[in-house]
Amino acid sequence: MKGYKGFNKGLICRGKQYVENTVFEEDEAVMCEKGLHFCQNPLAVFGYYPPSNAGELNEYAEVEALD
């Protein structure tokens with residue numbers, strides 16, 4: 001499933017550093033509470049990561065859930 005994810009500048013989300021073209025895994029996932037998260041609708045990402053945060057431009061990526 002493809003989706004869209006928002007990040008603070010530098011591909012940082014909730015204190016975790018992400019890197020392009022890299023697979024990330026979590027030991028446990030609870031929908032909308034814990035684990036990796038993304039939106040299926042690209043415009044929904046703005047509800048979590050608006051275009052700017054304290055003057056810094058946020059970043060966005062198309063992602064793919066493997067499982």
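Strands, taken here as DSSP runs of at least two residues labelled E, are numbered from the N terminus, and in this predicted model Lys5 lies in strand E1, which spans residues 2-7.

- Lys5 is buried but forms no salt bridge, and the nearest side chain of opposite charge, that of Glu26, is 9.1 Å away, whereas a salt bridge requires the charged atoms to lie within 4 Å.
- With residues up to four places away in sequence left out, Lys5 touches Cys13, Tyr18, His37, Phe38, Val45, Glu59, Tyr60, Ala61 and Val63.

**Nonpolar core**
- Phe7, Leu11, Cys13, Tyr18 and Tyr49 make up the largest nonpolar core, which has five residues.
- Phe7 is in contact with several residues beyond its neighbours within four places in sequence, among them Cys13, Tyr18 and Tyr49, and the contacts of Phe7 also include Ile12, Asn58, Glu59, Tyr60 and Ala61.
- In soluble globular proteins, nonpolar side chains tend to be buried together.

**Aromatic rings**
- Three aromatic pairs are found in a search of the whole structure, and one of them joins Tyr18 and Phe24 in an edge-to-face arrangement, with 4.8 Å from centre to centre and 65 degrees between the planes.
- Tyr18 counts as buried because its relative accessible area is 11%, under the 20% cut-off, while Phe24, at 26%, is partly exposed.
- Phe7, Tyr18 and Phe24 are linked into a cluster by ring pairs.

Key. Residues are numbered from 1 along each chain as its sequence is written. This is a predicted model: local features need pLDDT of at least 70, side-chain atom pairs count only at pLDDT 80 or more; totals for chains, interfaces and linings use all residues. Side-chain values use heavy atoms; hydrogens and water are left out. Helices (H or I, at least four residues) and strands (E, at least two) are DSSP runs, numbered from the N terminus. Buried means under 20% relative accessible area, exposed over 50%, partly exposed in between (1.4 Å probe, protein chains only). Lys and Arg count as positive and Asp and Glu as negative; His and the chain ends are not counted. Contact means heavy atoms within 4.5 Å. A nonpolar core is a set of buried Ala, Val, Leu, Ile, Met, Phe, Trp, Tyr and Cys residues joined through side-chain atoms within 4.5 Å. Rings of Phe, Tyr and Trp (its six-membered ring) pair if their centres lie within 6.5 Å; planes under 30 degrees apart count as stacked, over 60 as edge-to-face and the rest as tilted.
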